[in-house]
Amino acid sequence: MNILLTGGLGYIGSHLALGLLKKQNVNLTIVDNLSNSKLSVKNKIRFISSKNFKFKKLDLKNKNSLQKLFKKGKFDLVFHLAGSKSVKESQIDPKKYYENNILGAINLLNSMIECNVKDIIFSSTATVYGSKKINCYSENFSREPVNTYGLTKKIIEDLLIDLDRKKKIKSVILRYFNPAGCHASGLLGENPEGTPNNLYPYIIKIIKGDLDFLKVFGNNYKTKDGTGARDYIHIQDLVDAHLNCIQFVKKKSGIFNIGTGKPYTVLDIINSFQKHCNFKINYNFYPRREGDIDIYYNKISKAKKILGWSAKRGLKEISQSTFKFAIKSK
Ligand code: UFG
């Protein structure tokens, strides 16, 4: 099976590449524009998997290169992970998000239609739901994103739903909760340039010694200890969810939340590093971050029932793999 993976050198993409390379009869092509990833990841994937794959530096905004790639590639299936993903940046520079995410997806889908590639698995986000009165999100909740990042993902979802209705392309839309954790080898993880916005990349910098303490945003949320709670899904469980979709998408389309169903607060996470890695994270409380909500997590029943997938790993595995990656990348 010829598979195209967009964004394949990124945090989630690189782990998915390893999952795909473990499968029999997979001929993998990765494209990535390297805007939020490093070329060195390509060699790490080769090293860990001992398998070969094709790689092309390509920006999905470049329609002509994409068309050429599709003509040669004879792809059976596309995993579309490429996209800009910072909530904060999307509010500062919305045009970048419309261009990278929406234009990129339109070019990709046009190439698929031209070359008769029927199936796609798309990386979406629980951010599409926005803020709800009920904290346990199920797939049939209305989508009311409160930032441009979430809005661009919603628009791509709508496009995929329309293309499915028109019987042009079948799609599985995966709405991720908060991906976390690193590869068991300690060689792959999330390590953005500069000061990270998200919790785990920030903690990685603390473990590496690049930052001194965690700023905990808010201590008066309606949660057990006052700090924000999220559904953190181990990257390896997330990969498994994608792999379970390969057979499914051949038959039909679907939309699935991918999370564990268990919310953990920021203090739970700090304590988990102490308990499982014997590492103390220093922290101070700061005011709430604009746009943050108290708590949300996945209602897990749909993916379990239909895809036969549920998360197997918890905070222990997330903390230990994160710690190993941080120490190795010092
Ligand atoms: N937090 C801190 N300090 C930090 C960073 C985060 O206290 O330095 C808190 C936040 O207030 C929140 C929790 O940790 O309560 C998680 O925050 P993240 O920034 O890690 O993640 P978000 O829940 O804000 O979600 C965002 C996007 C998601 C994406 C996720 C991880 O909305 O789409 O980041 O990439 F999945």
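The second largest pocket of this predicted model holds about 240 Å³ of space. A pocket is an open set of points on a 1 Å grid over the protein atoms alone, with protein on both sides within 12 Å along at least five of seven lines. Its volume is the space filled by probe spheres set on the points, which are joined across faces, edges and corners. Thirteen residues line this pocket, and Thr29, Lys54, Leu69, Lys72 and Gly73 are the closest to its centre; a lining residue has an atom within 4 Å of a point. The elements that give two or more residues to this lining are β1 (2–6), β2 (27–32), β3 (54–57) and α3 (63–73). Of these, α3 provides the largest share, five residues. Helices (H or I, at least four residues) and strands (E, at least two) are DSSP runs, numbered from the N terminus.

The model is predicted, so local features need pLDDT of at least 70 and side-chain atom pairs count only at pLDDT 80 or more, while totals for chains, interfaces and linings use all residues. Residues are numbered from 1 along each chain as its sequence is written, and side-chain values use heavy atoms, with hydrogens and water left out.

The ligand has 22 residues around it, and Thr127, Leu199, Lys215, Arg230 and Asp292 come nearest. A residue counts as near if one of its heavy atoms lies within 4 Å.

| Residue | Distance to a ligand oxygen atom |
|---|---|
| Thr125 | 3.1 Å |
| Thr127 | 2.7 Å |
| Asn178 | 3.0 Å |

On its own the ligand has 680 Å² of accessible area, and the protein covers 91% of that; the areas come from the Shrake-Rupley method with a 1.4 Å probe. β8 (178–180), α7 (199–208) and β9 (214–217) each give two or more residues to the shell, and β9 gives the most, with four. The ligand lies between domain 1 (2–180 + 232–258) and domain 2 (199–230 + 262–328), because both give residues to its shell. The domain bounds come from an automatic or database domain assignment.

What does a search of the whole structure find at 30 Å³ or more? There is one cavity of that size, a set of points where a 1.4 Å probe fits but cannot get out. The volume of the largest cavity is about 50 Å³. Tyr11, Ala180, Gly181, Cys182, Glu190, Tyr200, Pro201, Ile204 and Thr322 form its lining, to which α7 gives the largest share, three residues.

Methods. A polar contact is a pair of N or O atoms within 3.5 Å; within protein, one must be able to donate a hydrogen and the other to accept it, and residues adjacent in sequence count only if both atoms are side-chain atoms.
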